[in-house]
Amino acid sequence: MDAEVVVVGGGNAGFCAAHAAAERGRRVLLLEKGEPDAAGGNSYYTAGAFRIAHGGFAEVADLLDPDDRHEHTVLPPYPTEEFTADMAKVTGGRNDPALTGTLVAGSQDVLRWLHGKGLRFRLMYERQAYPDANGSQVFWGGLTVGSTGGGKGLIEQHTAAARTAGIDVRYGAAATGLVVEDGRVAGVTLADGTAVRAESVVLAAGGFEADPARRAEHLGEGWRRAKVRGTPHNTGDMLDAAFAVGAARHGDWSTCHSVAWDAWFPGNESNRELTNQLTRGGYPLGIVVNAAGERFLDEGRDFRNYTYAEYGARILEQPGGVVFQLFDATTRPLLRTEEYDMPGASVVVADGLDELAAATGTDPAGLARTVAEFNAAIDRSVPLDIAVKDGRVADVTPPKSNWAIPLETPPYYAFPVTCGITFTFGGLHADTDGRVLDTAGAPIPGLFVCGEMLGGLFSGNYPGGTGLTSGAVFGRRAGTLA
């Protein structure tokens with residue numbers, strides 16, 4: 001199993017590193033912890049969204065699968081300056097500026113590189129666009145492009161490209177440690193005791209979100225009850241292996257990407273059939289209440305892309321860690337079909353608020369008071385426009401800053417949601433080429449990192465679609481040097 005380059009992890013980042021190394025004629029071995037029916041890391045479970053800087057539709061049209069809707073599409077430019085500003089905004093300025101600059105600058109080019117290897121992309125109409133008064137599809141929130149077939153399609157296409165390139169992919173190969181010789185990383189050890197030698201090792205094995213004990217240690221005791229959205233294989237083993245050879249930590253180890261997630265669905269962890277469909281991202285169009293029937297966040301503070309990755313943590317703080325997204329007959333048809341109409345989606349439907357409260361176990365007086373106060377506080381003189389931040393506010397505590405729509409037309413719908421954890425933000429310290437740095441800031445010879453193991457890009461929050469882009473950009477850069 002020896003090779004010139006060993007990549008640990010078979011998600012999007014690992015495949016990008018393998019592709020880049022193979023391009024240079026390197027003999028590449030990719031080790032995937034999961035068997036073929038459990039492979040692909042977190043990438044398999046995603047919607048396949050890639051956030052890229054671009055100048056509008058004409059600039060990205062050649063990347064996209066044909067679609068009759070293209071001629072009726074409004075795709076605002078998303079320049080590098082806006083992407084950079086969004087990264088700073090959602091992280092409170094705690095993002096590493098050098099890593100961010102590299103990510104943004106390489107975002108579109110890396111998709112072109114992948115497209116040249118046979119990976120396919122499309123505009124994400126069902127997730128990122130709303131129709132305007134003229135019937136055009138208007139994209140919002142800086143996020144437009146996704147992989148054809150979502151995360152499942154992404155891994156399938158990566159695997160096909162790897163096969164074409166002659167990359168050796170081994171499944172069921174769990175790496176547990178690193179081999180060091182003469183001060184250089186010279187391979188990995190596997191759980192079965194096998195040692196795999198290599199000139200360079202690229203770590204792309206994900207964070208520690210699937211380990212309840214590690215979550216409790218770094219994120220807080222309450223995080224033991226979070227639901228794991230993605231792969232159960234991201235348990236932090238290779239983070240420990242890197243620290244054992246002197247790697248430094250970087251980024252925010254106390255926060256993570258976590259979302260509103262179907263609380264009552266029986267198979268709501270690591271579900272390879274439904275994957276991302278268990279997300280519930282329609283909350284900007286409704287209100288969210290806890291067991292006391294009270295709102296506790298501004299559902300319309302910004303586009304979903306800029307708030308959804310922090311709202312899971314807010315849900316976990318509420319009593320019991322379960323809250324309810326509420327909609328009525330007016331707003332229910334606006335929700336994304338793939339999420340809210342998925343087979344077996346948990347929902348309570350009632351003709352009155354008292355009935356809704358009884359069925360959800362929320363306080364009926366609290367719920368009635370919350371809805372009445374919210375409805376009365378809406379500035380109805382401002383027209384509703386769900387494709388832009390419309391400033392249609394409900395002046396209540398907490399406020400709803402945009403898209404305030406009264407909850408007044410039965411039937412009423414309550415979707416129970418809990419915290420679904422996606423990935424952890426803390427990781428290894430690396431330079432912009434993915435070289436892992438030691439505690440003195442010097443590169444560790446032979447060791448590279450990419451994907452969710454790379455620390456420093458995110459803190460507290462995350463702009464939607466940036467994870468896959470980061471994995472691709474830094475995976476490519478690591479594989480180019482490995």
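## A walk through the predicted model

Let's start inside, with the residues Ala260, Tyr283, Val288, Leu297, Tyr311, Ile315, Gln325 and Val417, which line the second largest cavity. Keep in mind as you look around that this is a predicted model. The space in that second largest cavity comes to about 50 Å³, and the structure holds 3 cavities of 30 Å³ or more. How does one find such spaces? Rolling a probe the size of a water molecule over the atoms shows where empty space is left.

Next come the pockets. The largest pocket has a volume of about 370 Å³. Its lining is made up of 23 residues, and Glu126, Ala129, Tyr130, Leu334 and Arg336 are the ones nearest the centre. Which elements supply at least two residues each to this lining? They are helix 5 (125–128), strand 6 (129–131) and helix 10 (337–340). Helix 5 gives the most, with 4 residues.

An open sheet of 3 strands runs in the order 4-7-6, and its pairing is mixed. Strand 4 (73–74) and strand 6 sit at the edges with a single partner strand each, so one side of each has no neighbour in the sheet. Strand 6 pairs with strand 7 (residues 137–139) over 3 bridges, in the antiparallel sense. If you want a spot to look at, find Ala129, which stands opposite Phe139 in strand 7. Ala129 is also one of the residues that lie nearest the centre of the largest pocket.

There is another open sheet of 3 strands to visit, this one with the order 3-8-5 and antiparallel pairing. Strand 3 (49–50) and strand 5 (121–123) are its edge strands, each pairing on one side only. Between strand 3 and strand 8 (residues 145–147), which run antiparallel, there are 2 bridges. Here Ala49 stands opposite Gly146 in strand 8.

Helix 4 (residues 97–115) has 19 residues and reaches 28 Å from its first C-alpha to its last, close to the 27 Å expected at 1.5 Å a residue. Where is the kink in helix 4 centred? Look at Ser107: the kink there is about 50 degrees. Ser107 is also one of the buried residues of helix 4, and others among them are Gly106, Gln108, Leu111 and Trp113. Back at the start of the helix, a side-chain oxygen of Asp96 comes to within 2.9 Å of the backbone nitrogen of Ala98.

Phi of Ser270 is near 50 degrees, a positive value in a residue other than glycine; for Thr275, phi is near 40 degrees. Are these two buried or partly exposed? Ser270 counts as partly exposed because its relative accessibility is 22%, while Thr275 is buried, with a relative accessible area of 10%.

Another loop, between helix 10 and strand 19 (348–350), holds Ser346. Ser346 is buried, since its relative accessible area is 8%, and its side chain makes a polar contact of 2.7 Å with the side chain of Asp262.

Finish in the loop between helix 12 (364–376) and strand 20 (412–424), where you'll find Pro398. Pro411 lies in that loop as well. The peptide bond from Thr397 to Pro398 is cis, with omega near -10 degrees, and a cis peptide bond also joins Pro410 and Pro411, where omega is about 5 degrees. Why does Pro398 count as buried? Its relative accessibility is 17%, and buried means under 20%.

Definitions and conventions: Residues numbered from 1 in each chain as written. Predicted model: local features only at pLDDT ≥ 70, side-chain atom pairs only at ≥ 80, totals over all residues. Heavy atoms only, no water. Expected span 1.5 Å × (residues − 1). Bend = angle between axes of the 7 residues up to and from the residue. Buried < 20%, exposed > 50% of the residue type's maximum accessible area, 1.4 Å probe, protein only. Polar contact = N/O pair within 3.5 Å; in protein donor to acceptor, adjacent residues only side chain to side chain. Pairing = 2+ DSSP bridges. 1 Å grid on protein atoms, 1.4 Å probe; cavity = no way out; pocket = protein on both sides within 12 Å on 5 of 7 lines; lining within 4 Å. Points joined across faces, edges and corners; volume = space filled by probe spheres on them.
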